[in-house]
Amino acid sequence: MLGSLLLAASRNPLARRAVSALPPTRRVVDRFVAGESAGDAVTAVRRLTDAGLTVTIDHLGEEIRDTEAAALTAKAYVSLLDALAPLGLGRRAEVSVKLSAVGQALDEPLALEHARRICAAARDCGTTVTLDMEDHTTVDSTLSILRALREDFPDTGVAIQAYLFRSEEDCRDLSGSRVRLVKGAYREPASVAHQSKAEVDRAYVRCLRILMAGTGYPMVGTHDDRLIAITETLADRYGRSQDSYEYQMLYGIRTDKQEALAGAGATVRVYVPYGDDWYGYFMRRLAERPANVAFFLRSLRGK
Ligand code: FAD
């Protein structure tokens with residue numbers, strides 16, 4: 001219930017203004033967001049890669065409303081990739097892109113053009129791009145842009161959300177590709193998505209099995225210990241070595257687990273968001289975990 005309210009608020013402009021104006025919000029946001037500038041992101045990337053982790057960097061922003069903002073997002077990614085190039089991290093630092101931030105809702109060919117620019121800059125930097133997945137109305141468009149990108153940039157990855165009924169089929173279609181499997185973070189109707197945690201978890205395992213049995217590169221995007229244990233079992237069953245799949249977790253969430261898995265030889269990629277448009281991302285993180293809301297409220301009371 002609280003989660004649904006927070007997800008509704010994540011797309012409400014009045015709630016956005018109210019929450020963003022609260023003075024202590026920044027401190028709480030810092031737990032989940034690496035900073036506002038590309039420099040902040042690069043600092044976080046250095047720290048995480050020095051600790052044996054890999055990263056995927058997200059320039060925060062979504063659902064932009066004009067073509068100028070779309071062009072600015074693409075430019076921000078290209079500048080970020082230019083700043084990463086001298087670090088020589090190659091695929092240890094890639095980027096994640098929300099197509100809504102490069103104009104998907106305004107003009108799909110324009111979003112494809114911007115995404116191509118970002119993929120080209122990533123290739124020059126020796127790395128890859130993964131497309132985030134947003135609400136269910138965008139999935140067909142995102143997969144169609146992915147197909148177009150993969151003609152020139154075959155290593156482009158995509159996130160698939162286990163809670164959508166369609167996702168097992170999508171995993172089958174993509175089982176030779178780089179696929180980040182996640183549970184799904186948006187408020188979706190019962191006509192398209194599983195609603196209970198148990199159903200979502202079971203759907204996740206079905207999708208995971210398809211990806212681990214396939215020939216692609218599964219990116220297991222979860223903090224859930226049970227799903228991580230099942231991944232290990234499936235890796236054994238399908239004869240996958242540790243370098244043929246990876247774990248992905250969000251910046252600031254279960255850092256102990258991130259380090260423990262990396263210490264045991266797994267590839268662990270941390271999703272590092274940065275930028276000033278943190279509201280939607282932050283609200284989805286609150287919605288995932290009531291304890292985060294309590295933490296937020298305590299900070300408002302100055303504790
Ligand atoms: P849960 O059952 O939600 O959590 C398992 C445990 O992880 C919890 O018990 C808790 O200990 C910890 N945990 C989980 N979330 C939080 C939190 N917010 N704060 C503190 N602790 C927490 N969703 C999309 O819809 N599209 C995407 O493109 C997308 N990309 C993602 C990329 C990455 C790398 C990751 C890790 C997630 C992404 N997500 C995306 C979000 C995802 O859909 C889930 O909402 C999120 O990962 C929580 O699910 P979980 O699998 O960790 O399981």
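This is a predicted model: local features need pLDDT of at least 70, side-chain atom pairs count only at pLDDT 80 or more; totals for chains, interfaces and linings use all residues.
Arg-254 sits in the loop between strand 7, residues 246-250, and helix 11, residues 255-263. If we set aside the neighbours within four places in sequence, the residues in contact with Arg-254 are His-223 and Met-249. There is also Asp-224 to consider, which is 30 residues away from Arg-254 in sequence, while the two C-alpha atoms are 9.7 Å apart in space.

For a second residue, please turn to Leu-146, which lies in helix 7, residues 139-152. Is Leu-146 buried or exposed? With 22 C-beta neighbours inside 10 Å, Leu-146 counts as buried, the cut-off for that class being 20 or more. Leaving out neighbours within four places in sequence, Leu-146 is in contact with Leu-131, Thr-156 and Val-158. Of these, Thr-156 is 10 residues away from Leu-146 along the chain, and the C-alpha atoms of the pair are separated by 7.3 Å.

Now to the protein as a whole, which has 13 helices and 8 strands. For 303 residues, a compact globule would have a radius of gyration near 19 Å, and the protein, at 18 Å, agrees with that. The C-alpha trace spans about 50 × 40 × 40 Å along its principal axes, and 42% of the 303 residues count as buried. As for how the chain meets itself, if we take contacts between residues at least 6 apart in sequence, 70% of them join residues at least 24 apart.

On the helix 1 side the contact is made by Gly-3, Leu-6, Leu-7 and Ala-9, and on the helix 12 side by Met-283, Arg-284, Leu-286 and Ala-287. Sorted by class, this contact has 6 nonpolar residues, 1 polar and 1 charged.

The next pair is helix 4, residues 38-50, with helix 5, residues 67-84, where the axes come within 10 Å and cross at roughly 40°. That angle makes helix 4 oblique to helix 5, and the crossing of the two is right-handed. Here Ala-38, Ala-41 and Val-42 of helix 4 meet Ser-79, Leu-80, Ala-83 and Leu-84 of helix 5, a contact with 6 nonpolar residues, 1 polar and no charged ones.

Helix 5 also packs with helix 6, residues 108-124, at an angle of about 10°, and the axes are 9 Å apart. How is helix 5 oriented to helix 6? That angle makes helix 5 roughly parallel to helix 6, as angles under 35 degrees count that way. From helix 5 the residues involved are Thr-67, Ala-70, Ala-74, Tyr-77, Val-78 and Leu-81, and they meet Leu-110, His-114, Arg-117, Ile-118, Ala-121 and Ala-122 in helix 6. By class, this contact has 9 nonpolar residues, 2 polar and 1 charged.

Technical notes. Residues are numbered from 1 along each chain as its sequence is written. Axes are lines fitted to C-alpha atoms, for helices over the stretch in contact, and angles run from 0 to 180 degrees between N-to-C directions. Helices (H or I, at least four residues) and strands (E, at least two) are DSSP runs, numbered from the N terminus. Angles under 35 degrees count as roughly parallel, over 145 as roughly antiparallel, 65 to 115 as roughly perpendicular and the rest as oblique. A crossing is left-handed if the near helix is turned anticlockwise from the far one by less than a right angle, and right-handed if clockwise. Two residues are in contact if their C-beta atoms, placed from the backbone, lie within 7 Å. Ala, Val, Leu, Ile, Met, Phe, Trp, Tyr, Cys and Pro count as nonpolar, Asp, Glu, Lys and Arg as charged, and the others, Gly among them, as polar. The radius of gyration is taken over C-alpha atoms; the globule rule is 2.2 Å times the number of residues to the power 0.38. A residue is buried if 20 or more other C-beta atoms lie within 10 Å of its own, exposed if 12 or fewer, and partly exposed in between; C-beta atoms are placed from the backbone.
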